[in-house]
Amino acid sequence: MYYKAPEILLQNFEYNIAVDIWSLGCIFAELFIGNTLFRGKNPDEILYDIYIKLGHADFMGFLDEECPSDHEFEGSGFQYIRQHNGDFDAQCEDLLGFILQMDPLDRPNCEEILRHGYFDEVERKLWNQEGQQVAAPNP
């Protein structure tokens with residue numbers, strides 16, 4: 001349940017690639033923190049955690065509702081990740097923000113994800129200019 005896209009948690013049963021892209025983003029974040037990014041015991045609690053970590057504008061705009069004015073929110077689940085893993089750099093944050101779009105129509109497809117600058121940096125770390133592997137990838 002932790003990897004379900006917001007539209008599925010809201011019981012929109014139209015399953016498409018955007019649902020899998022959201023799950024991919026959740027798993028990518030988990031690789032850095034060793035735990036799920038959005039937590040809860042039921043869909044409502046997970047939606048609330050998404051709301052808290054991604055912020056008012058993205059979430060409430062997705063729901064087409066007004067933001068509650070009396071609630072503090074983190075505004076970025078990525079700050080939480082940075083606190084738990086120093087390897088989570090600006091490229092990682094940008095990639096995760098690119099993937100975890102509230103509106104499924106705004107999420108990238110797999111090809112767009114692979115063209116992201118994050119993967120250029122990964123490739124540079126693994127291969128030298130002669131095409132020889134210089135480091136083994138970390139699982």
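**Salt bridges, a capped helix and a buried histidine**

Lys-53 and Asp-49 sit 4 residues apart in helix H3 (residues 43–54), so about one helical turn separates them. Their side chains meet in a salt bridge, 3.2 Å from N to O. This is a predicted model. It holds 3 salt bridges.

**The H3 pair**
- An α-helix has 3.6 residues a turn, so residues three or four places apart point the same way.
- Lys-53 is buried, at 6% relative accessible area.
- Asp-49 is buried too, at 15% relative accessibility.

**The other salt bridges**
- Arg-107 and Glu-7 join their side chains in a salt bridge of 2.8 Å, N to O.
- This pair links distant parts of the chain, 100 residues apart: Arg-107 is in the loop between helix H6 (90–99) and H7, and Glu-7 is in helix H1 (residues 6–9).
- Arg-107 is buried, with a relative accessible area of 7%, and Glu-7 is buried at 4%.
- Glu-111 forms a salt bridge with Arg-115, with the closest N and O atoms 2.8 Å apart.
- Both Glu-111 and Arg-115 are exposed.

**Helix H2**
- H2 (residues 17–33) has 17 residues and spans 25 Å from first C-alpha to last, close to the expected 24 Å.
- Asn-16 caps the N-terminal end of H2, with a side-chain oxygen 2.9 Å from the backbone nitrogen of Ala-18.
- Gly-34 follows H2, and its phi is positive, near 70 degrees.
- The buried residues of H2 include Trp-22, Phe-28 and Phe-32.

**His-116**
- His-116 lies in the loop between helix H7 (110–114) and helix H8 (117–126).
- His-116 is buried, at 8% relative accessible area.
- Among the residues His-116 touches are Gln-91, Asp-94 and Phe-98.

Technical notes: Residues numbered from 1 in each chain as written. Predicted model: local features only at pLDDT ≥ 70, side-chain atom pairs only at ≥ 80, totals over all residues. Heavy atoms only, no water. Helix = DSSP H or I, 4+ residues; strand = E, 2+ residues; numbered from the N terminus. Buried < 20%, exposed > 50% of the residue type's maximum accessible area, 1.4 Å probe, protein only. Contact = heavy atoms within 4.5 Å. Expected span 1.5 Å × (residues − 1). Polar contact = N/O pair within 3.5 Å; in protein donor to acceptor, adjacent residues only side chain to side chain. Salt bridge = Lys/Arg side-chain N within 4 Å of Asp/Glu carboxyl O.
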